[in-house]
Amino acid sequence: MTILTATDVGISFGGVKAVDGVSFSVSPGQILSIIGPNGAGKTTLFNVVSGVYAAGRGKIHLSGEDVTGLPPHELAARGLSRTFQNLQIFQRMTACENVMVGRHLREKCSLLPALFRTPAVTRQNRETRAAALDLLAYVGLKDSADVLAGSLPYGACKRLEIARALAAEPKVLLLDEPAAGCNAVETEEIDHLIRQVADRGVAVVLVEHDMKLVMKISDRILVLERGRPLAEGTPREVRDNPKVLEAYLGHHGAREAARA
Amino acid sequence: MRAFANHRFLTLAILAAVIAVLPLVFPSSYYFRVASLVWVSALAAIGLNILMGQAGQVSLGHAAFFGIGAYAVGIGPAHLGIPSWAALLLGAALSAVLAYLVGRPILRLKGHYLAIATLGLGVLVALVISTESGWTGGPDGMPVARLTLFGWRVSGSDTWYWVTGGLLLVGTWIALNLDETPTGRAFRALHDSEVAAQVVGVDIARFKLQAFVIAAVYASLAGSALAFMNGFITPDQAGFLHSVELVTIVVLGGLGSVVGSIVGAAVLVTLPQALTVFHEYEHLLLGLIIIVSMIFMRNGIVPSLSALFFQRARS
């Protein structure tokens, strides 16, 4: 049973086909990784799937519903959440507030009660904060709850983005290079985190350059090249695919993959 | 900024105390009048600060809503026979509806484009006010009937001091309330990253519009209060220079800081009065003071000073 399906998705920018005829699907609890060299269209594909860009062609289905062309906040309301390769943290808010914004869809949000701060608003705020603190603890940021997000170190911001995305209680989570710029220990932590999230039944789509992490964690891998799908299969199949091995993982990637 | 937000009631208590104590040191009724002008400007600026400081959207035509509020209480009783208090509410409703209708298309714009579009709105409203002289008295302005509430005729600069002070307290309370609510968080989130706010489900178009409508209602109420207080209105109150003045108050006091807007209004309203001793150099000095304070206090007076204060306290 698949929850997110992309069928023959394509988008062009001024004649350049950034993504061209890519299809994939992912089921609850499954981790699908999308790999490929820089410029292969991985992040663009994410932007199309999450509604940030409008697809030039193709269809996207979420829980069986055609969601092609819906804006990001409507996709979020249907259970799709994501993180960003270039951090998109709310810099001037605390770590806790960042995650609380992630609870937006779980909160009742009407203007007049907010303006007069009714007791119901205060109560809900307390619940949201408690939920946010739980999530911060879950990603190991409990002590930074009231620190301005703009002053957190890079690795912490990466985990903060994951906590914020999880706060929406998504059915599908798109992670764009969650381990980029992280050291070995931090990468290990993110590895555990992604696995736990998938074990709770969330479908995870991962874009990542860390081949060790990808090979270890993925149920399936989709390889892109210049916007086009090159191969798809289990980590073993992809690793043993001579085309992929030679052209995209290279010798270094193959060696790392073998060790994983 | 956070420190003030966390002490909502402390902020309100201090503001109430300042409003209550100031008259004790006022030597003449002229001071009541100047202080009332500060409270009215602060009220309009607090609303604009929700739009600019919280939600991060600029408006260069905000005096339009101030003007609508002012002319509503002028035209309502004089031409339509509406009681003054109802005209005040009508003006606020009209501002809200206009902000809603105009905001829908123009809040899609960003940065300079949004600034120009709101500027256009301001010019348009000012133009209507100064040309429809049958209703508005044109460039000469029009008299405003005194506000009467339950038989109480509100007049005198000391009375208006308390009325505008009370309005400012309520306006401050509401603005501070927003801070720890889903709406306030959505405003600040879309300010920092629109795309990140969207992917966690924030309908950014809706929240920009809400901030715009709130700011419009604040300005309209402030405009009505000023019109009642002066007993007379001119198109200047809806004009471009007044829009710029409101933006200056917000930026000078500190974007996102409610207290900052009050301090900014106090500085911008009282400084020209204090500088009159320098005669023809008055405007030169005013401009110079604004430039210098923006260079040395880029985040605005209140955020810069509180950062300095907490830095000292920690070391």
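Two residues are in contact if their C-beta atoms, placed from the backbone, lie within 7 Å. The structure is a predicted model, in which local features need pLDDT of at least 70, side-chain atom pairs count only at pLDDT 80 or more, and totals for chains, interfaces and linings use all residues. Residues are numbered from 1 along each chain as its sequence is written, while chains are lettered from A and ligands numbered from 1 in the order in which they are written.

Chain B holds helix α6, residues 111–131; helices (H or I, at least four residues) and strands (E, at least two) are DSSP runs, numbered from the N terminus. From first C-alpha to last, the 21 residues of α6(B) reach 31 Å, close to the expected 30 Å (1.5 Å times one less than the number of residues). Among the buried residues of α6(B) are B:Leu121, B:Val125 and B:Ile129; buried means that 20 or more other C-beta atoms lie within 10 Å of a residue's own. The cover over these buried residues includes α4 (63–80), α5 (84–106), α7 (133–136) and α12 (240–253) of chain B.

In chain A, four strands form an open sheet in the order β2-β1-β4-β5, with antiparallel pairing. Its edge strands, β2 (16–26) and β5 (65–66), each pair on one side only; strands pair if DSSP finds at least two bridges between them. Strand β4 (57–62) joins β5(A) over two bridges, and A:Leu62 stands opposite A:Glu65.

Finally, the two chains meet. Chain A gives 32 residues to the contact and chain B gives 24. On the chain A side, elements supplying at least two residues each include α3 (95–102) and α5 (119–138).

Key:
A residue is buried if 20 or more other C-beta atoms lie within 10 Å of its own, exposed if 12 or fewer, and partly exposed in between; C-beta atoms are placed from the backbone.
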